Amino acid sequence: MIARDGLRALTHRAVDRALALPDGSCSYYFRTRGALLDAAVHRLAERSRDAFEHSGLTRPPTPPDVDAAARAVATALDRDLAHRRRDLLVRYALATDPTIGAEQRAGLATALFSRAAARDLVAACGADDADSAAADLVSLVEGLTADRLLGARSLDGFVAGTAASVAQLTRPIAVYLRGLDGGGGTGLPPGRPIRESGEDTWRA
């Protein structure tokens, strides 16, 4: 409903009509609009966790290397763009609404990408400051996602779910990951192996 009609369309009565429920059913469980928005945020987070668990990308590529890691991240982003476009649009609609509370906004900020998991990937790529590098990686993929949905890249004709789409997303991620090695700022050459990480990859 939010993805189709915008956040203003989200009302108790509209939910009742959309689900063919008796009037008052939604308000019985969610007394206020704030409670309804909170439920939407929690549901979006649940869907994101479920999508990640079934993505097949919960472990780094084996054998691990920077280019393979970049492709894995890009493939996951491309899958979201292809199959979870509605969820992504709902997230942006919720996050930009001025009535969203601080707790709800924090939930939305971490609903799709995890800094904690990103830390394992950037540490394996040689980052000296893994915490900062993980935050930067999340910022990068946030920007790539928004650009493909709403920015100039949305006008370039890339179709999510295609090899061209994955390649477009892979390039900037690979450039970033290669540059994390502490070798005098020169970055990693393509295909250089990275250290094994026993933890899950960076996505939430």
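Val15 is found in helix α2.

Before I go on, some words on the source. This is a predicted model, in which local features need pLDDT of at least 70 and side-chain atom pairs count only at pLDDT 80 or more, while totals for chains, interfaces and linings use all residues. Residues are numbered from 1 along each chain as its sequence is written, and side-chain values use heavy atoms, with hydrogens and water left out.

What does Val15 touch, leaving aside its neighbours within four places in sequence? Val15 is in contact with Met1, Leu10, Cys26 and Leu36, where contact means heavy atoms within 4.5 Å. Val15 and Cys26 are 11 residues apart along the chain, and their C-alpha atoms are separated by 6.7 Å.

Now to the whole chain. The protein has 10 helices and zero strands. These elements are DSSP runs, numbered from the N terminus: helices are H or I with at least four residues, and strands are E with at least two. Of the 204 residues, 42% count as buried. Among contacts between residues at least 6 apart in sequence, 67% join residues at least 24 apart.

Which residues of the largest nonpolar core touch the most other members? In this core of 31 residues, they are Leu77, Val122, Leu137, Val141, Ile173, Leu177 and Leu180. A nonpolar core is a set of buried Ala, Val, Leu, Ile, Met, Phe, Trp, Tyr and Cys residues joined through side-chain atoms within 4.5 Å. Two or more residues each come from α5, α6 (85–95), α8 (115–124), α9 (130–150) and α10. The largest share, eight residues, is given by α9. There is also a second, separate core of 13 residues, and among its members are Ile2, Leu7, Cys26 and Val41.

I turn to the packing of helices. The axes of α5 (residues 66–83) and α10 (residues 163–178) come within 8 Å and cross at roughly 135°, which makes α5 oblique to α10. Axes are lines fitted to C-alpha atoms, for helices over the stretch in contact, and angles run from 0 to 180 degrees between N-to-C directions. Angles under 35 degrees count as roughly parallel, over 145 as roughly antiparallel, 65 to 115 as roughly perpendicular, and the rest as oblique.

The crossing of α5 and α10 is right-handed. A crossing is right-handed if the near helix is turned clockwise from the far one by less than a right angle, and left-handed if anticlockwise. On the α5 side, the contact residues include Val66, Val73 and Leu77, and on the α10 side they include Leu169, Ile173 and Leu177. The residues of this contact divide into 12 nonpolar, three polar and four charged. In these classes, Ala, Val, Leu, Ile, Met, Phe, Trp, Tyr, Cys and Pro are nonpolar, Asp, Glu, Lys and Arg are charged, and the others, Gly among them, are polar.

Helix α5 also packs with α9, at an angle of about 35° and with the axes 11 Å apart. This crossing is right-handed too. Val73, Leu77 and Leu81 of α5 meet Val141, Leu144, Thr145, Arg148 and Leu149 of α9. By class, that contact has six nonpolar, one polar and one charged residues.

Two further residues of α5 deserve a look. Val66 is buried at 0% relative accessibility; its C-alpha lies 9.5 Å from that of Leu121, 55 residues away in sequence. Ala68, also in helix α5, counts as buried at 11%. Ala68 and Ala174 are 106 residues apart in sequence and 8.7 Å apart, C-alpha to C-alpha.

Finally, a backbone detail. Most residues other than glycine have a negative phi. Ala20 has a positive phi of about 55° although it is not a glycine. Is Ala20 buried or exposed? Ala20 is exposed, with a relative accessible area of 69%, and is found in the loop between α2 (12–18) and α3 (25–29).

Conventions: Buried means under 20% relative accessible area, exposed over 50%, partly exposed in between (1.4 Å probe, protein chains only).
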